[in-house]
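Here are some friendly notes to read alongside the model. They go from the overall picture to single residues.

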Amino acid sequence: MSQSYLDQLNPVQAQAVTNTEGPVLVVAGPGSGKTRVLTYRIAHLIQSGVAPWEILTLTFTNKAAREMKLRIESVVGTRASNVWAGTFHSIFARILRVEAEKIGYPSNFTIYDSDDSKSLIGTIISEMNLDKNTYNANAVRARISSAKSNLVTPKLYQNNQELMSQDRMAKRPFVHAIYEKYTARCKKAGAMDFDDLLYRLFELFQKNPDNVLDKYRKRFRYLLVDEFQDTNHLQYSIIKKLVHYDGSPRNICVVGDDAQSIYAFRGATIQNILDFEKDFANFGIQIFKLEQNYRSTEQIVQAANEVITNNSRQIQKKIWSDKGEGQKIKIINALTDTEEGKRVTDIIVEQKNRSHLMNSEIAILYRTNSQSRVFEEYLRRYNIAYRVFGGQSFYQRKEVKDLIGYLRLIINHNDEEAFKRVINFPKRGIGKTSVDKIGQAAGQLNESFWDAMLKANVGARTKNSLGSFKRMIEGYTLRSQSENAYEIAQAVAKDSKLLDTFKADTTVEGLSRVDNINALLDGIKTFVEEGSILDPETGQKDTSLSAYLQNIALLTDHDQDVNLTDYVTLMSVHAAKGLEFKSVFVVGLEEKLFPSFMSMETIEQLDEERRLFYVAITRAEQYLTLSHARSRFRFGKMHNNEPSRFLEEVPTQHVETTAYIRPRGQTDMSAPRSSGIKGNFKPRTTASNTGFKVNPADFRPSPSSDVQAGMKVLHLKFGEGKVIAVDGSANNRIATIHFPEIDSPERRIMLKFAKLQIVE
DNA sequence: GTTGGTATCTGTGGA
DNA sequence: AGATACCAAC
């Protein structure tokens with residue numbers, strides 16, 4: 001057997017790969033070859049005789065799972081496709097398809113996405129006659145979601161003093177009642193939301209009917225978990241059900257980095273890492289720390305290390321790189337968001353020309369998806385190919401959801417959200433009043449909307465329409481037994497008049513809706529051609545509509561296959577986790593934006609924002625550019641924001657001194673700037689003026705040769721300071737200055753770069 | 001029931 | 001600014 005893949009690992013990595021028995025915790029810094037370790041570990045298991053389908057690998061994104069499979073394949077060949085590898089949600093959904101009936105769900109259950117959940121919660125709120133401003137559907141949904149993630153049932157919720165008093169304080173004492181109704185309603189509709197995919201599996205394992213748990217414990221002899229820092233309590237509880245029991249070999253390997261935990265907002269907790277150490281302490285746990293960064297240059301790694309030390313709690317590790325010192329970090333201080341867009345694009349042009357970067361080696365990362373627009377405009381003007389990830393996903397578009405709504409209803413008649421979406425679109429004369437009556441009947445009879453629809457007290461004509469609607473859907477349900485997903489979807493798009501309705505709309509929007517429907521149909525066709533694997537062990541494939549729907553529900557925009565053209569990547573920092581680019585731009589580094597205004601209340605929230613910043617800067621291999629704008633257009637208004645505190649946390653010795661030079665011959669392309677600031681557009685020459693303690697308009701820098709020890713000086717970012725000493729050679733004088741206003745007040749400043757105004 | 005216009009709300013990240 | 005909710009008129 002060839003062991004050559006072991007030669008490609010450093011000693012710690014090799015340890016993490018070959019110690020396959022018993023519990024293992026791998027703490028993996030950014031760029032430390034985490035994926036390599038995971039894939040080689042799986043390959044190693046297979047090489048040592050473990051059957052691929054005995055290995056379960058849980059990841060957070062479909063993309064990560066797919067990539068892992070590809071890489072395992074390159075070592076062990078096609079056997080790789082028999083490994084169970086997927087996201088928590090998709091693997092668990094697959095198990096639930098088989099077992100759902102044991103806990104009172106149909107095997108063809110629908111998966112409600114967050115829009116469905118939100119809509120149902122909104123319906124319940126209004127049915128309960130609660131004020132929908134106090135009871136914000138999104139806020140309630142978040143609370144329900146976090147309850148589920150912490151194994152809190154509606155009953156437990158009601159008995160939990162802390163939760164109840166939080167609700168009372170927020171003037172929302174009935175959240176527990178909404179939670180209870182929501183749960184019942186989902187069940188009635190044969191639907192699971194994203195949290196249910198986890199929670200119901202836990203329930204199944206907990207109740208353990210027919211000793212079903214035993215089956216999965218035996219099936220998954222080896223368990224691997226990627227991005228463990230992003231798991232929530234519920235996920236960890238399921239993991240423990242599978243591997244942590246008497247007599248278990250406890251073959252579990254979790255890989256994570258506490259410094260890259262960025263999903264606390266949806267219940268993830270790094271407590272899981274600490275708990276893991278504790279829970280498996282008596283079972284021979286082995287801990288490996290991957291500390292060598294193979295991705296980034298020293299400037300970037302050291303800056304990142306420094307930034308993260310501002311967080312209060314973390315697992316001690318020393319990330320280092322031997323990629324050489326590399327380029328310093330550039331900082332762009334822009335006046336407006338449009339100027340930021342222009343200057344970032346200018347640098348992209350320069351990097352392409354001078355450093356011969358491909359578009360695909362460049363990424364622009366931002367905190368919120370809405371920031372993409374300005375960059376898109378400039379990239380388009382400069383004729384640079386780009387691709388925006390995230391934002392409104394393809395699957396969230398109205399027309400796409402409409403068609404999928406039909407398909408969902410065909411497979412699961414009880415799907416309430418799908419029913420309401422399509423019952424009167426395209427119009428068939430069944431208006432709001434009728435749907436409300438159906439809803440009332442459903443409530444009284446304790447039936448689904450579907451079962452109640454012909455029993456509702458509606459007019460004869462409406463009843464007629466309902467009847468033919470019902471027959472149409474049932475006809476497709478029958479056909480779906482024998483025809484594949486594409487055949488059904490195509491027929492539905494035509495017969496339901498959905499395509500015709502959109503075709504009748506000749507506006508630009510209507511045209512794009514038709515395009516999107518066709519794109520969706522193409523996607524379904526591809527699915528049918530490839531089929532989805534039901535069970536890695538048997539390799540059984542399924543091209544049915546039902547299989548398609550379970551596949552689609554957990555897909556995001558990032559999973560769309562990308563044609564291999566060369567484009568600049570635009571995405572949120574969250575979406576960029578796990579990726580790397582030669583050149584990275586982290587933009588919009590302003591207080592209230594990054595860190596987000598929603599996350600500035602507590603130290604914990606700020607720490608998470610900082611970890612997000614850490615993730616952002618560690619995506620860069622060679623070039624890192626940070627930018628902020630003094631003012632930006634947001635929510636329909638101009639906002640002036642201070643530069644982000646994170647900019648100040650980047651040590652100045654890693655920052656390049658830049659002067660903004662207007663690119664030649666491009667004046668005609670200059671951005672439309674908001675009036676009022678126009679005249680103030682001046683080149684800035686300091687690198688470190690990332691946060692201004694002094695109003696730049698009042699700032700009059702003095703010739704640096706005049707600066708002497710003992711003087712009182714002003715610095716744009718650091719404020720007032722006292723020069724303690726001046727040393728260095730005549731043409732590279734360095735001043736040691738004490739700035740009382742900043743955190744580490746003693747600064748060494750090179751006078752030939754710094755701008756200082758002598759006060760006295 | 002449908003249409004079109006106006007008022008109101010909302011606003012981070014994503015499986 | 002954009003999406004959605006709501007309402008009056010057809």
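1. A word on terms before the counting: helices and strands here are DSSP runs, at least four residues of H or I for a helix and at least two of E for a strand, numbered from the N terminus. On that basis, chain A holds 29 helices and 24 strands. Please keep in mind that this is a predicted model.

2. Confidence comes next. Chain A has a mean pLDDT of 86, with 88% of its residues at 70 or more. The stretch to treat separately is residues 659-692, where the pLDDT is below 50. Even so, the model gives this stretch 78 contacts beyond near neighbours in sequence.

3. How is the chain put together overall? Of the 760 residues in chain A, 55% count as buried. Looking at contacts between residues at least 6 apart in sequence, 74% join residues at least 24 apart.

4. The largest nonpolar core contains 52 residues, and L407, F419, F469, L520, L545 and Y548 have the most contacts inside it. Helix α18, residues 398-411, is the element that gives the most to this core, supplying 8 residues. As general background, nonpolar side chains in soluble globular proteins tend to be buried together.

5. Leaving out residues up to four places away in sequence, L520 touches F394, Y395, V400, L403, I404 and Y548.

6. Which residues of α10 are buried? They are V175, H176, A177, I178, Y179, Y182, T183, R185 and C186. Just after this helix, G190 takes a positive phi of about 60°.

7. For helix packing, have a look at α15 (residues 298-308) and α28 (residues 603-617), whose axes come within 10 Å and cross at roughly 175°. An angle over 145 degrees counts as roughly antiparallel, so α15 is roughly antiparallel to α28. On the α15 side, the residues that meet α28 are I300, A304, N305, V307 and I308. Their counterparts in α28 are R610, R611, F613, Y614 and I617.

8. T20 sits in the loop between α2 (11-18) and β1 (24-28). Is T20 buried or exposed? Its relative accessibility is 10%, so T20 counts as buried. Beyond residues up to four places away in sequence, T20 touches R41, H44, L45, Y222 and N251.

9. D535 belongs to strand β14, residues 532-535. With 18% relative accessibility, and buried meaning under 20%, D535 counts as buried. Again setting aside residues up to four places away in sequence, D535 touches W84 and Q540.

10. Now for some backbone details to check by eye. Most residues other than glycine have a negative phi, and most peptide bonds are trans. The bond joining F425 and P426 is cis, with omega about -10°, and P426 lies in the loop between α19 (416-422) and α20 (432-445). Another cis bond runs from F594 to P595, with omega near 10°. P595 is in the loop between β17 (581-586) and α28.

11. Finally, the phi values of N211 and K497. N211 is not a glycine, yet its phi is positive at about 50°; this residue is in the loop between α11 (194-207) and α12 (212-219). K497, also a residue other than glycine, has a positive phi near 70° and lies in the loop between α23 (485-495) and α24 (498-504). N211 is partly exposed at a relative accessible area of 43%, and K497 counts as partly exposed at 47% relative accessibility.

Note on methods
Residues are numbered from 1 along each chain as its sequence is written. Chains are lettered from A and ligands numbered from 1 in the order in which they are written. This is a predicted model: local features need pLDDT of at least 70, side-chain atom pairs count only at pLDDT 80 or more; totals for chains, interfaces and linings use all residues. Side-chain values use heavy atoms; hydrogens and water are left out. A nonpolar core is a set of buried Ala, Val, Leu, Ile, Met, Phe, Trp, Tyr and Cys residues joined through side-chain atoms within 4.5 Å. Buried means under 20% relative accessible area, exposed over 50%, partly exposed in between (1.4 Å probe, protein chains only). Contact means heavy atoms within 4.5 Å. pLDDT is the predictor's confidence in each residue, from 0 to 100. Axes are lines fitted to C-alpha atoms, for helices over the stretch in contact, and angles run from 0 to 180 degrees between N-to-C directions. Angles under 35 degrees count as roughly parallel, over 145 as roughly antiparallel, 65 to 115 as roughly perpendicular and the rest as oblique.
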